[in-house]
Amino acid sequence: MKQPIIQVQQLVKKYGSFEAVKGISFDVMEGEIFGLLGPNGAGKSTTLEILETLREKTAGSVWIDGLSIDTDPATIKSRIGIQLQTAGFYPGLTLLELIRLFNGLYGTNADPQELLAQVQLTDKANATVKALSGGQKQRFAIATTRINQPRIIFLDEPSTGLDPQARRSLWELIRSIQKNGTTIVLTTHYMEEAEYLCNRVAIMDQGKIIAIDTPDNLIDALLKTGFERKKELKQAGLEDVFIQLTGHGIDTNTTEPVNT
Ligand code: ADP
Ligand code: MG
């Protein structure tokens, strides 16, 4: 039986008198991909930033890898990987220079070439961030979360704004990171992304968790209520059509399979 690596109990966040997170509780198990789903404004980023020790909570308790965010934020920071918004990277530095910079900041000694190889960016080592495509930027942002060999990485809407090819390439990357034993917590408002990637999901709405389970169990529970899709179920969607038609060669840097 897997152990919880993150435990959240009765977490509350108020911005002034507005309660953005209303007493949520959940566990994340070691090694799983856990999704926080919900519409804009649900409280996903607020929750993630509190878990990352970047934002103060109002009430409740959070343990990360057995440590309380109240007493051990520095140790927690050394064990987690945080995806920074790509806009935060110095746009004029090359990927190699940025990784060296992060190594200096973290006090780590990660091999830049190895990190770039893991995200299929070996040939971009001497390119600047501003010269990368959207999908390449996101893959680089994920590479930087791994510099300190974290036990858990947090990704806030990693695939927002990406085209379908780049999104699927990112999904394969996230799965390959899970295969290495890393726990992943991500937010998304793309349900097909959650269904494909996440072992379990929590659905958030207006600061509350309204459902939490595996995607399969949530779908089965809905079907038991007698729910039926209006349209005949097909084995492929329009996105599959798009990828089949345009898939190979549009942006080879985002379509290569990820080796683990
Ligand atoms: P999500 O990531 O699910 O879109 P957020 O956590 O960003 O949601 O925001 C949840 C709610 O809290 C929203 O109503 C948002 O407007 C509000 N909010 C977020 N950050 C702040 C802030 N710094 N000050 C005041 N309100 C905020
Ligand atoms: Mg958000």
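Residues are classed by relative accessible area: buried means under 20%, exposed over 50%, and partly exposed in between, with a 1.4 Å probe and protein chains only. By this scale Glu-30 is partly exposed, at 31% relative accessibility. The model is predicted: local features need pLDDT of at least 70, side-chain atom pairs count only at pLDDT 80 or more, and totals for chains, interfaces and linings use all residues. Residues are numbered from 1 along each chain as its sequence is written, and side-chain values use heavy atoms, with hydrogens and water left out.

Salt bridges were examined across the whole structure. The criterion is a side-chain nitrogen of Lys or Arg within 4 Å of a carboxyl oxygen of Asp or Glu. The search finds six salt bridges. One of them pairs Arg-151 with Glu-30, with 3.3 Å between the closest N and O atoms. Arg-151 lies in the loop between α5 and β7 (152-156), and Glu-30 in the loop between β2 (18-29) and β3 (33-37), so this pair ties together parts that are 121 residues apart in sequence. Helices (H or I, at least four residues) and strands (E, at least two) are DSSP runs, numbered from the N terminus. Arg-151 is partly exposed, at 35% relative accessibility.

Asp-65 takes part in salt bridges with Arg-79 and with Arg-151. The N to O distance to Arg-79 is 3.2 Å. Asp-65 sits in the loop between β4 (59-64) and β5 (67-68), and Arg-79 in helix α2 (residues 73-79), so the pair ties together parts that are 14 residues apart in sequence. Arg-79 is partly exposed, with a relative accessible area of 31%. The N to O distance between Asp-65 and Arg-151 is 2.9 Å. Here the loop between β4 and β5 is paired with the loop between α5 and β7, so parts that are 86 residues apart in sequence are tied together. Through shared partners, salt bridges join Glu-30, Asp-65, Arg-79 and Arg-151 into one network.

Helix packing was described for α6 with α5 and with α9. Axes are lines fitted to C-alpha atoms, for helices over the stretch in contact, and angles run from 0 to 180 degrees between N-to-C directions. Angles under 35 degrees count as roughly parallel, over 145 as roughly antiparallel, 65 to 115 as roughly perpendicular and the rest as oblique.

The axes of helix α5 (residues 134-145) and helix α6 (residues 164-179) come within 10 Å and cross at roughly 15°. The two helices are therefore roughly parallel to each other. The crossing of α5 past α6 is right-handed; that is, the near helix is turned clockwise from the far one by less than a right angle. Contact means heavy atoms within 4.5 Å. On the α5 side, Gly-135, Gln-138, Arg-139 and Ile-142 take part; they meet Ala-166, Ser-169, Leu-170, Leu-173, Ile-174 and Ile-177 of α6. The residues of this contact divide into six nonpolar, three polar and one charged. Ala, Val, Leu, Ile, Met, Phe, Trp, Tyr, Cys and Pro count as nonpolar, Asp, Glu, Lys and Arg as charged, and the others, Gly among them, as polar.

The axes of α6 and helix α9 (residues 238-246) also come within 10 Å, crossing at roughly 100°. That makes α6 roughly perpendicular to α9. Three of the residues in the contact of α6 with α9 are nonpolar, two polar and four charged.

Several loop residues complete the description. Thr-53 is not a glycine, yet has a positive phi of about 65°. Thr-53 lies in the loop between α1 (44-51) and β4 and is buried, with a relative accessible area of 15%. Leu-54 is placed in the loop between α1 and β4 and is exposed, at 52%. Leaving aside neighbours within four places in sequence, Leu-54 is in contact with Glu-49, Lys-77 and Ile-82.

Gln-206 belongs to the loop between β9 (200-205) and β10 (208-213) and is exposed, at 56% relative accessibility. Asn-40 lies in the loop between β3 and α1 and is exposed, at 67%. Not counting residues up to four places away in sequence, Asn-40 touches Glu-157 and His-189.

Note on methods: Chains are lettered from A and ligands numbered from 1 in the order in which they are written.
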